[in-house]
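Work through these exercises with the structure open beside you. Try each task before you read its solution.

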Amino acid sequence: MSQKNVRLEVMQHLEKDVESLIQKYLIPAEQIWQPTDFLPNSESDRFYEEVREIRELSKELPYDFWVVLVGDMITEEALPTYESWLMDVEGVDQVGRNSWGKWVRHWTAEENRHGDVLNKYLYLSGRVNMKEIEKTTQHLIADGFDIGTDRDPYKNFIYTSFQELATYVSHNRVAKIAKEKGNKSLFKMCNIIAGDEMRHHHAYAEFVERIFAVDPSQMMIAFQTMMKQKITMPAHFLRESGDQIGTAFEEFSNTAQRIGVYTSADYVDILEKLIKRWEIGNIKNLSDDAEKARDYLMKLPDRMKRLADRMKIPENSYQFKWVEPARLK
């Protein structure tokens, strides 16, 4: 049987449990927070007063912070790309509306709130160029992405396990900076988004655990493949208006590293957490190729730490069109 057919068979085998996993990891719309819980109430007489408060508190936040917050928001707003990609994964049936398709739709529905609340906050803050941000968001959705997973569910679940944890780190760090600057509302907003991301990480990590239980060798090789080619961030095609694909991403990434929101050390830390979570060192009944893949993975964190220690981040802030220094004075 081909690897593709085996993967489809495994996905069909695991599908019986997806409904219970939706109950375990996702929250119904009637119970979960909504963007309006963290934003000024436009129906209230205090609306303008609350907007003024946002604008005043925003003055305490530095340039690099705004760049990272904007980049995080744009990444969240490119959700149509992520949903369409996951809907095309082997075993996810959009037409037949199977349980895997239901997972993707419900996960998307939860994630959609993140970009929504951050977008509205940025708009109300008056500190950023919303038109340039909107152009970048449109470009990112139009350009799509290629995360190196093809339609392979094993690779896709490795990717999402890693990426959801990386997104948690980013939003959590942004929340802490906002709190340090006295911006309690932005802290609460980013902190609760981070909580969603951690919950989603645990879901995708459990999907991988369940695949390891039934197809350990191919899952191990998929893990190695994804780490060999490196986990590409979902906004790696990020660009500003008038620029080429990907031109803004490196500078956005440099900014996030410079202020400690997401660093190369975090990348290694996430890898170590996944190796520990999936008990990679203890998995039995591996093929020879899978044993080699395991050896590679177990040695990889130390190799990557040495590389991370040698990395130098540019000290000068790149001038993004999203955030004009004149607006921050």
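## Exercise 1: a charged patch

Helix H13, residues 288-310, gives the most to the positive patch, with three residues. Keep in mind that the model is predicted.

**Task.** Find which residues form the positive surface patch, and decide whether Arg-303 is buried, partly exposed or exposed.

**Solution.** 
- Step 1. List the members. The patch is formed by Lys-228, Arg-303, Arg-306 and Arg-310.
- Step 2. Arg-303 sits in helix H13.
- Step 3. Recall the cut-offs. Buried means under 20% relative accessible area, exposed means over 50%, and partly exposed is in between.
- Step 4. Apply them. Arg-303 has a relative accessible area of 40%, so Arg-303 is partly exposed.

## Exercise 2: two annotated sites

**Task.** State which residues UniProt lists for "binding site" in the unreviewed entry, starting with the set that contains His-200. Then work out how that set is arranged in space.

**Solution.** 
- Step 1. Read the record. The unreviewed UniProt entry lists Glu-111, Glu-164, Glu-197 and His-200 under "binding site".
- Step 2. Compare sequence with space. These residues are spread over 90 residues of sequence, but they cluster in space, with a largest C-alpha distance of 10.7 Å.
- Step 3. Turn to another listing. Under "binding site", the unreviewed UniProt entry also gives Glu-76, Glu-111, His-114 and Glu-197.
- Step 4. Look at one member. Glu-111 belongs to helix H6, residues 99-125. Its relative accessible area is 4%, so Glu-111 is buried.

## Exercise 3: salt bridges across the chain

**Solution.** 
- Step 1. Start with the total. The model has 23 salt bridges, counting a side-chain nitrogen of Lys or Arg within 4 Å of a carboxyl oxygen of Asp or Glu.
- Step 2. Check the Asp-152 pair. The closest N and O atoms of Asp-152 and Arg-7 are 2.8 Å apart.
- Step 3. Check the Arg-258 pair. Arg-258 and Asp-64 form a salt bridge, with the closest N and O atoms 3.1 Å apart. Arg-258 has 24% relative accessibility, so Arg-258 counts as partly exposed. Asp-64 has 12%, so Asp-64 counts as buried.
- Step 4. Check the Asp-143 pair. Asp-143 and Arg-239 form a salt bridge, with the closest N and O atoms 2.8 Å apart. Arg-239 is buried because its relative accessible area is 15%.
- Step 5. Look for shared partners. Salt bridges join Lys-16, Asp-17, Lys-24, Glu-206 and Arg-210 into one network.

## Exercise 4: positive phi in loops

**Task.** Locate Asp-150 and Lys-230, and give the phi of each.

**Solution.** 
- Step 1. Take Asp-150. This residue lies in the loop between helix H7 (130-143) and helix H8 (153-180). Its phi is positive, about 55 degrees, although Asp-150 is not a glycine.
- Step 2. Judge its cover. Asp-150 has a relative accessible area of 59%, so Asp-150 is exposed.
- Step 3. Take Lys-230. The loop between helix H10 (216-228) and helix H11 (249-258) holds Lys-230. The phi of Lys-230 is near 75 degrees, again a positive value in a residue other than glycine.

Key:
Residues numbered from 1 in each chain as written. Predicted model: local features only at pLDDT ≥ 70, side-chain atom pairs only at ≥ 80, totals over all residues. Heavy atoms only, no water. Patch = residues over 30% accessible without salt bridge, like charges linked within 9 Å, V, L, I, M, F, W, Y side chains within 5 Å. Areas by Shrake-Rupley, 256 points an atom, 1.4 Å probe, with all protein chains shown as cover. Lys, Arg positive; Asp, Glu negative; His and termini not counted. Charge placed at Lys NZ, Arg CZ, Asp CG, Glu CD. Helix = DSSP H or I, 4+ residues; strand = E, 2+ residues; numbered from the N terminus. Buried < 20%, exposed > 50% of the residue type's maximum accessible area, 1.4 Å probe, protein only. UniProt positions renumbered as here; feature names shortened; annotations may be inferred.
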